[in-house]
Amino acid sequence: MTLRIGIIGCGAIGQDHARRLHFKLSGARVVALNDINLEATQVFSLASGINARVYAKYQDVILAEDVDALLVTSWGLAHEEQVLACIAAGKPVFCEKPLATTAAGGLRIVEAEVKHGKSLVQVGFMRRFDAGYRALKQTIDAGTIGNVLMAHCAHRNPAVPANYGGDMAITDSHVHELDVLRWLLNDDYVTAQVVQGRKCRNAQGDLHDPIMVLLETSQGIRIDTEIFVTCRFGYDIQCHVVGETGVASLPEPASVALRSEGRQSTEILMDWKPRFIDSYDVELQEWLRDTQAGRVTGPTAWDGYFASATAEACVEARHSKQIVPIRIAERPAFYERGTPGSKYQV
Ligand code: NAP
């Protein structure tokens with residue numbers, strides 16, 4: 001069966017996903033597009049060879065009879081309204097992160113999905129689909145390093161756009177660690193603290209860079225993550241998980257080991273896209289498979305809400321310089337893995 005896909009938001013990642021779904025992956029055809037830049041979207045539709053219908057209103061894409069499932073890849077502030085509209089129409093939706101820009105918005109989506117009674121929402125946290133993170137999770141779950149005690153992580157970008165500032169290091173960058181670490185460690189966060197040290201000279205305007213986020217989980221696991229988005233030397237994602245009997249580390253991306261000109265070296269990627277390009281393919285191919293089967297196995301609306309709520313606590317912690325409790329609503333049984341009657345499949 002081929003799923004007919006509508007895409008809301010045709011900027012950078014919306015166009016990438018459209019090409020990926022239409023030309024690269026199996027089981028999908030992109031039939032409808034929407035973006036507030038109507039003309040640019042018409043040009044994209046033709047120039048890409050997708051030749052989908054372009055709608056001026058996102059609601060019309062959701063309601064189109066020949067659209068089976070939706071991608072929401074507009075800017076973050078529009079996600080909540082657009083995902084709620086997909087749920088109201090009873091159509092499966094893959095929403096790029098963030099699910100919502102506030103915890104309250106994420107919770108409204110959770111409540112709408114539970115009320116609807118069928119799993120419809122998956123959130124675009126692609127690191128769960130990265131081969132390296134999956135291997136790391138297997139190692140942890142197999143008990144190879146015993147009980148996990150700590151994790152040391154880093155999220156480094158060579159540079160960020162001029163409009164990147166304020167709390168975006170948390171809400172846009174660190175949000176990926178927030179999701180993937182919860183999944184890796186099978187645990188929820190209970191407190192957050194943000195430490196700011198000396199400001200890097202490359203950080204412009206109100207961007208304080210680097211920062212360090214300290215999280216504590218319900219089992220007492222301590223996580224520190226350095227977020228350094230103007231490091232210049234590369235896009236460098238690190239994750240070292242310390243257990244009672246060993247340390248398990250995220251594998252480095254495959255790279256030729258070079259001996260040349262008096263030195264031994266391996267490349268460090270400069271961009272996030274090549275680092276996670278394969279995981280986007282796996283993520284959307286599995287989403288197509290699951291959507292056809294009427295289930296969600298990737299990050300759920302609950303996971304999206306949890307990430308937004310934790311990001312909100314981290315932002316508060318950065319401003320207050322205090323250790324902030326992470327307050328989470330009671331998790332509906334709907335999202336409990338393995339619960340009889342739950343629509344959520346592991
Ligand atoms: P982008 O290039 O700015 O694309 C967003 C597009 O949506 C723009 O064309 C924007 O128009 C349009 N738009 C804004 N509001 C809209 C609305 N209400 N209805 C329809 N279209 C609307 O941004 P992007 O880099 O593609 O990012 C899109 C989303 O994906 C963001 O939430 C981002 O965080 C997420 N993302 C995730 C990853 C990942 O690794 N998972 C990577 C990249 C991006 P204007 O330009 O006129 O505002």
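Buried area is the accessible area, taken with a 1.4 Å probe, that two parts lose on being put together, summed over both. The model shown is predicted, so that local features need pLDDT of at least 70 and side-chain atom pairs count only at pLDDT 80 or more, whereas totals for chains, interfaces and linings use all residues. Residues are numbered from 1 along each chain as its sequence is written, and side-chain values use heavy atoms, with hydrogens and water left out.

**View 1. The two domains of the chain.** Domain 1 comprises 3–127 + 278–335 and domain 2 comprises 131–271, bounds that come from an automatic or database domain assignment. Their C-alpha centres are 24 Å apart.

**View 2. The interface of domain 1 and domain 2.** About 2300 Å² is buried between the two domains, with 59% of it on carbon and sulfur atoms. In contact (heavy atoms within 4.5 Å) are 25 residues of domain 1 and 28 residues of domain 2.

View 3. Four salt bridges (a side-chain nitrogen of Lys or Arg within 4 Å of a carboxyl oxygen of Asp or Glu) are found across the interface of domain 1 and domain 2. R127 is in a salt bridge with E177, where the closest N and O atoms are 2.8 Å apart. On the side of domain 1 that touches domain 2, at least two residues each come from α8 (272–293), α9 (301–320) and β15 (324–325), helices (H or I, at least four residues) and strands (E, at least two) being DSSP runs numbered from the N terminus. The most is given by α9, with twelve residues.
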